[in-house]
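Thanks for coming. I have one structure to go through today, so let me put it on the screen.

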Amino acid sequence: MAPRFSESGVSRFDDRDMGAPRIRCEVGKRLSEQRDIGHNRWHPEVPPLIEIEPGGEVILEAPGYDDYQLQDNDNTNDVSTMDLTRVHPLAGPVAVRGAEPGDLLVVDLLELSPLSGVGYSCIIPEIGGILRDIYPEAYKSVWYMRGNVYAESRHIPGVRIPALPHPGVIGVAPSHEMLIQWNDREAATWTLRISPAAQEYTFRFLCQELCSRWATCILPKATGKPPGMPSRWMA
Amino acid sequence: MHFAEGDGEATWNAIEMDGVTWLRVGLIKGGATKYNVRTPIFQPGPIEPQFGNRYLAFTGFNFRSDEQAFNDSTMAAREAMLQAIDYLTNFGYSGAQAYTLLSVAPIELRISGITDVPNACVTLYLPLDIFDQGILPSEKA
């Protein structure tokens with residue numbers, strides 16, 4: 001009998017004191033309904049959830065990039081209707097005491113493990129990667145991970161994928177100045193290389209900067225704050 | 001988080017999972033300035049799948065039929081992927097399945113030539129051990 005991976009709310013990582021500060025993730029709940037609400041925008045005004053000393057450790061749990069929108073089933077309705085403004089929910093920010101621009105932040109990844117053990121890989125219409133013109137249809141494979149060795153999928157039989165885990169998205173917050181530079185620098189490329197539907201999503205990402213649920217999160221170009229203010233460091 | 005991902009993350013998706021990361025932070029004051037670090041630098045992790053030389057490598061160039069680009073490694077990567085996908089359809093995989101495999105399996109994409117203009121060459125190393133069946137070409141098959 002196949003293991004029942006899809007039981008909502010089951011975390012494979014025990015809910016006990018591990019001796020390090022921890023940002024928790026309740027399996028199956030979207031980020032905005034979690035107790036520890038992270039973020040999914042790089043912005044200097046996102047307040048840190050936690051502050052640690054250099055040399056300190058932290059345990060960060062996060063939903064997958066789909067923010068629990070994808071379902072363990074055999075159709076692609078969830079792929080076609082995915083709200084891309086919710087993708088890449090991040091655990092954090094984590095402030096590191098004393099860190100400032102010009103420093104080198106050293107991050108040792110001590111453990112990377114699945115939480116629920118259910119993973120997904122999708123081809124999303126209009127987004128779908130470097131061959132999206134050839135494979136424009138929605139496609140979804142559901143992967144089961146029993147731990148940190150193999151992933152298997154009923155949708156792609158005959159293969160076992162060995163673990164090569166990485167945190168997916170990890171980084172430090174930009175300063176206001178840097179955020180303006182990023183947006184200005186990349187703006188020209190969107191119209192050149194991305195399909196109209198994907199452009200809309202890109203601009204929706206930007207628009208989220210304007211109406212983010214954090215009151216202090218404001219569009220960098222409208223702030224009037226001097227550039228070069230110390231950025232908060234995030235992992 | 002990604003359970004596994006091929007070089008390039010071709011489809012825009014790895015094996016995407018909810019997960020836990022346990023990390024330790026250290027701080028080198030003034031280190032970015034001292035070492036001229038503009039973009040992240042990293043050390044690979046100590047645990048890696050072991051494939052030895054058990055790969056089948058596909059080659060891609062920046063041309064197809066009458067179309068010719070100049071030293072375009074992105075097009076060469078794309079052509080290598082299309083060649084690998086075409087090959088995998090011989091073993092029961094649909095195009096979307098094979099495309100997904102290239103994005104989630106630990107394939108290696110190597111820039112094998114950007115000096116013999118006009119043709120950039122990218123090679124795609126596909127590990128044989130991930131498959132239950134043998135996928136090397138054979139007279140018997």
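This is a predicted model: local features need pLDDT of at least 70, side-chain atom pairs count only at pLDDT 80 or more; totals for chains, interfaces and linings use all residues.

Start with helix α2 of chain B, residues 73-88. It has 16 residues, and from its first C-alpha to its last it reaches 22 Å, close to the 22 Å expected at 1.5 Å a residue. Its buried residues include B:Met75, B:Arg78, B:Glu79, B:Met81, B:Ala84 and B:Leu88. Note that an arginine and a glutamate, B:Arg78 and B:Glu79, are among them.

What do the buried residues of α2(B) pack against? Within chain B, the partners are β2 (55-61), β3 (63-64), α3 (95-104), β5 (108-113) and β6 (121-127).

The largest nonpolar core has 75 residues. Those with the most contacts inside it are B:Ala4, B:Ile15, B:Met81, B:Ala84, B:Tyr99, B:Leu102 and B:Leu124. The element that gives the most to this core is α2(B), with nine residues.

Take B:Met81 as an example. Leaving aside neighbours within four places in sequence, B:Met81 is in contact with B:Ala10, B:Leu102 and B:Leu124, and also with A:Ile130 and A:Leu131 of the other chain.

Now the strands behind that helix. β2(B) and β6(B) are antiparallel and pair over seven bridges; B:Gly60, for instance, has B:Val122 in β6(B) as its bridge partner. β5(B) also runs antiparallel to β6(B), joined to it by five bridges, and there B:Glu108 is partnered by B:Tyr125. Is β6(B) enclosed or open? Six of its seven residues are buried, so β6(B) is largely enclosed by the rest of the structure.

For contrast, look at B:Thr39, in the loop between α1 and β2 of chain B. B:Thr39 is exposed, because 4 other C-beta atoms lie within 10 Å, where the cut-off for exposed is 12 or fewer. The C-alpha atoms of B:Thr39 and B:Asp66 are separated by 39 Å, with the two residues 27 apart along the chain.

On to the two chains together. In chain B, 50 residues are in contact with 66 residues of chain A. On the chain B side, the elements giving two or more residues are β1 (16-28), α1 (31-34), α2 and α3. The largest share, 13 residues, comes from β1(B). By type, that side of chain B divides into 27 nonpolar, 15 polar and eight charged residues.

Which strands of the two chains make up the open sheet? There are seven, in the order β1(A)-β3(A)-β1(B)-β5(A)-β6(A)-β7(A)-β8(A), and the pairing is mixed. The edge strands, each pairing on one side only, are β1 (22-23) and β8 (161-162) of chain A.

Two of the pairings in detail. Strand β3 of chain A, residues 57-62, runs antiparallel to β1(B) and is joined to it by six bridges; A:Glu57 has B:Arg24 as its bridge partner there. Strand β7 of chain A, residues 150-153, pairs with β8(A) over two bridges, also in the antiparallel sense. In that pair A:Ala151 stands opposite A:Ile161.

Last, a helix on the sheet. α3(B) lies across β5 (104-123), β6 (139-145) and β8 of chain A, and runs at about 165° to β5(A).

That is the tour; questions are welcome.

Notes
Residues are numbered from 1 along each chain as its sequence is written. Chains are lettered from A and ligands numbered from 1 in the order in which they are written. Helices (H or I, at least four residues) and strands (E, at least two) are DSSP runs, numbered from the N terminus. The expected span of a helix is 1.5 Å times one less than its number of residues. A residue is buried if 20 or more other C-beta atoms lie within 10 Å of its own, exposed if 12 or fewer, and partly exposed in between; C-beta atoms are placed from the backbone. Two residues are in contact if their C-beta atoms, placed from the backbone, lie within 7 Å. Ala, Val, Leu, Ile, Met, Phe, Trp, Tyr, Cys and Pro count as nonpolar, Asp, Glu, Lys and Arg as charged, and the others, Gly among them, as polar. Two strands pair if DSSP finds at least two bridges between them. Axes are lines fitted to C-alpha atoms, for helices over the stretch in contact, and angles run from 0 to 180 degrees between N-to-C directions. A nonpolar core is a set of buried Ala, Val, Leu, Ile, Met, Phe, Trp, Tyr and Cys residues joined through C-beta atoms within 7 Å.
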